[in-house]
Amino acid sequence: MRTALVIGTGLIGTSAALALASRGVRVHLADHDPEQARTAAALGAGTDTEPAGTVDLAVVAVPPAHVAATLAGAMRRGAARGYIDVASVKGGPRRDLEALGLDAAALASYIGTHPMSGREKSGPLAATADLFEGRPWVLTPGRDTDTEVLNLALELIAFCRAVPVVMDADAHDRAVALVSHMPHLVSNLVAARLEHAEESAVRLCGQGIRDVTRIAASEPAMWIDILSANPGPVADLLSDVAADLDETVRALRALQSADEDKRLGGAGGIQEVLRRGNAGQTRVPGKHGAAPTSYESVIVLIDDQPGQLARIFADAGRAGVNIEDVRIEHATGQQAGLVQLMVVPQSVPVLTAALRERGWAIRQ
Ligand SMILES: NC(=O)c1ccc[n+]([C@@H]2O[C@H](COP(=O)([O-])OP(=O)(O)OC[C@H]3O[C@@H](n4cnc5c(N)ncnc54)[C@H](O)[C@@H]3O)[C@@H](O)[C@H]2O)c1
Ligand SMILES: O=C(O)C(=O)C[C@]1(C(=O)O)C=C[C@@H](O)C=C1
């Protein structure tokens, strides 16, 4: 692929454009808000000028409700040899495109795709070239999809260092209802409990609630679009969650009972909720789509000063330890924080000793 056109230069479009541009592809950037395309160009994602002729691949990265019309407009003016979109839902955009009356050749030049990676922030300034690295990128080719277009899409995914996964569009929508759309609503429902909460309670927020509510900071307009295109499967899953919630409330009420048998029953109910949660959590794939890995953490107390993290990473590197993941918890009202370094279990003693030797305060 030598040339590409990215339409919609927000988080996802600009991230893909940055990855393509870094691999030498000439990328043209377009957005209905020219300021967004200008910003993406200033970040090094390409040029916000129009392409002189037909590009190899057009990547449509606009909100789901605008995907079909944007694709049809680009196809009618012959903008590209192949077209993909990256919307979070796949059945709706394909059916909308078919309903727009495009000919068979135009439909064959299109593949619906979905990178399973994103952030709670929008716009080009949130974009990074490595956003998709190691993440699944779903392709939903139809029976008549051109092989050449499939190859262009695979080339884009390889440039983004993502992992291609081929699926049927409706099966994709049912799967993301489970792993993305329902969890998004549950995160919002948990965060919503904080809206009118006492300040004295909110200031105690620790890492647990930060993990559970991060995605509740996402752009609501985009999510209304996503959920509007996949309401049935999400409603089915939420009604299962609601039944589990009813059971959990019953178990907690039993724990308040004066009757010991009821209390025992309640404890059993809660134990079952926690067991099922543990079992589900172990099925979440590890980094780069590998089998789940159990990391252990080494916790380091740091002053909230520039350069501390870089020094810890350098010291870990010198000790030959690979840091798999990192979390930082800022201590409320203090210029200090706890850095949780996730490493494979056998690295824990090596890292702990090396950091202690270099004067770091380790917390158990
Ligand atoms: N945010 C995520 O985590 C995520 C992850 C995977 C896929 N997606 C999908 O990627 C697509 C883009 O999402 P995003 O997070 O980059 O959103 P974003 O808000 O960051 O960017 C969307 C961009 O599209 C532009 N736009 C809107 N309508 C347009 C139109 N008709 N023509 C041209 N430009 C238009 C907007 O001005 C904006 O710059 C969506 O379809 C979304 O479902 C999002
Ligand atoms: O990590 C996040 O912020 C996301 O919400 C990303 C996420 C997801 O649910 O995993 C959200 C929507 C997209 O369609 C794909 C990825």
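A residue is taken as near a molecule or strand if its C-beta atom, placed from the backbone, lies within 6 Å of it. The model is predicted, and local features need pLDDT of at least 70, side-chain atom pairs count only at pLDDT 80 or more, and totals for chains, interfaces and linings use all residues. Residues are numbered from 1 along each chain as its sequence is written, while chains are lettered from A and ligands numbered from 1 in the order in which they are written.

Around ligand 1 there are 29 residues, of which G8, G10, S88, G118 and S122 come nearest. Two or more residues of this shell are given by each of α1, β5 (110-115) and α10 (220-228), where helices (H or I, at least four residues) and strands (E, at least two) are DSSP runs numbered from the N terminus. The most, three residues, come from α1. By class, the shell around ligand 1 has 12 nonpolar, 13 polar and four charged residues; Ala, Val, Leu, Ile, Met, Phe, Trp, Tyr, Cys and Pro count as nonpolar, Asp, Glu, Lys and Arg as charged, and the others, Gly among them, as polar. Ligand 1 lies between domain 1 (3-167) and domain 2 (174-281), because both give residues to its shell; the domain bounds come from an automatic or database domain assignment.

The shell around ligand 2 consists of S88, M116, S117, G118, R119, E120, S180 and I215. These divide into two nonpolar, four polar and two charged residues.

The protein chain has 14 helices and 11 strands. Of its 364 residues, 31% are buried, that is, have 20 or more other C-beta atoms within 10 Å of their own, with C-beta atoms placed from the backbone. A nonpolar core is a set of buried Ala, Val, Leu, Ile, Met, Phe, Trp, Tyr and Cys residues joined through C-beta atoms within 7 Å. In the largest core, of 60 residues, A58, V59, V60 and L156 touch the most other members. Helix α1 (residues 11-22) supplies the largest share of this core, eight residues. Apart from it lies another core of 10 residues, including V298, V300, V339 and L351.

Strand β8 (residues 296-303) pairs with strand β10 (residues 336-343) in the antiparallel sense over eight bridges; strands pair if DSSP finds at least two bridges between them. In this pairing I302 stands opposite G337. β8 also pairs in the antiparallel sense with strand β11 (residues 361-363), over three bridges, and here L301 stands opposite A361.

Notes. A residue is buried if 20 or more other C-beta atoms lie within 10 Å of its own, exposed if 12 or fewer, and partly exposed in between; C-beta atoms are placed from the backbone.
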